[in-house]
Amino acid sequence: MTDEFERRHGFPPGSNEVRPADRDDQAAARALAQAALIPADLVAFYDSVGDVTWADVGNGYFLDPASDVLLRLQEYGAVDVGANQKSPGLVIGSNGGGLSYVVSPDGSVHRTRTASLDEPELDKVADDLRQFLELLEQSLTRFVADGEPGSL
């Protein structure tokens, strides 16, 4: 399988995993919940999942650990999202190509159009975390089948 991957893509496989949450991840998720910016389904997600690293799917798909999300919030504040871009959103990951995923308080997930988080332009990619995770799964399935990572 490794030889097949390297032959197909020109480099050896990297880290690809869904890491279970540990106590530190769960504590960071509770701290995020106290900040009142995080949707309940994301708290539930971080109670079970520490982070997602799919480095070899396209440019990569990454869902950051709750501790990184919390640190980014503390250091840089929330990202403006929503129709009028006045709702505070949290950066929860990236696509490995410089674009970030931002979850809004209503649970919808957005992707930046550029790598900058200063006055970001965002596109809604999912109505909620469940739909977003399903889209990630579809991207992984497509990549395994035909080498195309999808459009997330």
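Predicted model: local features only at pLDDT ≥ 70, side-chain atom pairs only at ≥ 80, totals over all residues.
In which helix does D25 lie?

View 1. D25 belongs to helix α2, which spans residues 23-34. With a relative accessibility of 5%, D25 counts as buried, because buried means under 20%. Apart from neighbours within four places in sequence, the contacts of D25 are R19, P20, Y46, G50, P65 and A66.

**View 2. The buried side of helix α3.** Helix α3 comprises residues 40-48, and its buried residues are L42, F45 and Y46. These residues lie on the same side of α3, because the arc they cover around the axis is only 95°.

**View 3. Contacts of Y46.** When neighbours within four places in sequence are set aside, Y46 contacts A21, D25, Q26, A29, I38, D64, P65, A66, V69 and I92.

**View 4. The nonpolar cores.** The largest nonpolar core contains 30 residues. The members that touch the most other members are L32, L42, F45, Y46, L90, I92 and F132.

**View 5. E119 in the loop between β7 and β8.** The loop that holds E119 runs between strand β7 (109-112) and strand β8 (122-126). E119 is not a glycine, yet its phi is positive, at about 50°. The relative accessibility of E119 is 77%, so E119 counts as exposed, the cut-off being over 50%.

Methods: Residues numbered from 1 in each chain as written. Heavy atoms only, no water. Core = buried A, V, L, I, M, F, W, Y, C linked by side-chain atoms within 4.5 Å. Buried < 20%, exposed > 50% of the residue type's maximum accessible area, 1.4 Å probe, protein only. Contact = heavy atoms within 4.5 Å. Helix = DSSP H or I, 4+ residues; strand = E, 2+ residues; numbered from the N terminus. Arc of directions from axis to C-beta.
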